Amino acid sequence: MTRASVVGADMTTFGVHESTLSELFAEAALGAYDDARVDPDEIDALYFGNAMGGQTENDTHLAPGVASQVGLAGVPCQRYEDACATSANAFKNAVEAVEAGIHDTVLVGGVERCTPETGLGTGEMTRIFASASDRHYEQPTGLTFPGVFALLTKRHMHEHGTTEEQLAHVAVKNHKNGTRNPNAHFGKETTVEEVLDSPIVADPFHLMDCCPFSDGASAVIVTSDDRADSFDDPVDVSGVGHATDVVPLSAKPVPHATQAARDAAAQAYEQAGTSADEMAFAEVHDCFTGAEVMASEAIGFFEDGEGGSAAAEGRTGMNGDRPINPSGGLKAKGHPIGATGTAQIVELTEQLRGDTGERQIDGAEKAVAHNLGGDAATTVVSVMEVRG
């Protein structure tokens, strides 16, 4: 069943930007207007994601500010913060608002700047990212997010025999996909040997197992099922699941299961009346290579323990039977925290329209996006499909 439709989508390049947060978001939002062929006076509300603007750039109360930049001053504006799942949460709430008849057509998106253009180096930015870890048990130990996902991945390796070489294949595949995406932060291929030879960041992760800090913005326009046919090329949203897991990491019964992702995926597939088997591809939150392996199992693309071997066998590549992250994912496309969730929706929209050129998944009719926050304690999973 169609819950809402995406009728406009755009994003900036992900990488290094000198623009302010408002300027950067405006670039994506105005592109989404053009794609949908709408004027600002046709937009009823703004659902906006930004995770760290207050900490990184002393820039808060952002929603009305960015709304003013894109001709929406006066409409209801809401800002969402949910760590790396920030704009996916904004998208979920926008879909629910349209479905409930609260608004007809809304702008949804997110923006973040995470590179040294903010004036903050890698060390300080890593400390700010770690504010999404548990305040009482994890932050005092100095645990940062490479360490969080290293712990989850090491448990997966212990339980299932996943290897560092299998993880490296995830990086190789996503970097190759990134060369086909003009918006990607990295457009350079790599090899398993180069990944394994790169410096250790947090065992088992080498530098090339980790996504970059990026600047960027993304935006989509969501409208009601009834109005969608008045636009040129709507793509339907048939399911959005949202679940959380226990925090801190040490309290999770099976840490590497990423239970919130499993629960959110089950919700999204049930709403859509579909299953993982019907998905042509997935965009998943590969902040680290091990995160993609765990996500590929949590959304039902592979049985538990098979995600690593599937990556090494090429099954998740563009020509594999279960393509994952044709955009290049966070690993190569980049990861501006507040923009990542809706950037996945941009990729699904363009793929399902058949508009992604050399990275197109042929014949894609349905696809799924998986965006997590924190230590995977928040996950939003969205199912989209070609309008029937």
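Predicted model: local features only at pLDDT ≥ 70, side-chain atom pairs only at ≥ 80, totals over all residues.
Me: Which helix does helix 6 cross, and at what angle?
Reply: Axes are lines fitted to C-alpha atoms, for helices over the stretch in contact, and angles run from 0 to 180 degrees between N-to-C directions. Here helix 6 (residues 145-160) crosses helix 11 (residues 289-298) at roughly 60°, with the axes coming within 9 Å. Angles under 35 degrees count as roughly parallel, over 145 as roughly antiparallel, 65 to 115 as roughly perpendicular and the rest as oblique. Helix 6 and helix 11 are therefore oblique to each other.

Me: Which residues meet there?
Reply: Contact means heavy atoms within 4.5 Å. From helix 6, Phe 149, Leu 152, Thr 153 and His 156 meet Gly 290, Ala 291, Val 293, Met 294 and Glu 297 of helix 11.

Me: And what lines the largest cavity?
Reply: On a 1 Å grid over the protein atoms alone, a cavity is a set of points where a 1.4 Å probe fits but cannot get out; lining residues have an atom within 4 Å of a point. The lining here is Phe 149, Thr 258, Ala 261, Ala 291, Met 294, Ala 295, His 370 and Leu 372. Helix 11 gives the largest share, three residues.

Me: What should I keep in mind about numbering and confidence?
Reply: Residues are numbered from 1 along each chain as its sequence is written. Local features need pLDDT of at least 70, side-chain atom pairs count only at pLDDT 80 or more, totals for chains, interfaces and linings use all residues, and side-chain values use heavy atoms, with hydrogens and water left out.

Definitions and conventions: Helix = DSSP H or I, 4+ residues; strand = E, 2+ residues; numbered from the N terminus. 1 Å grid on protein atoms, 1.4 Å probe; cavity = no way out; pocket = protein on both sides within 12 Å on 5 of 7 lines; lining within 4 Å.
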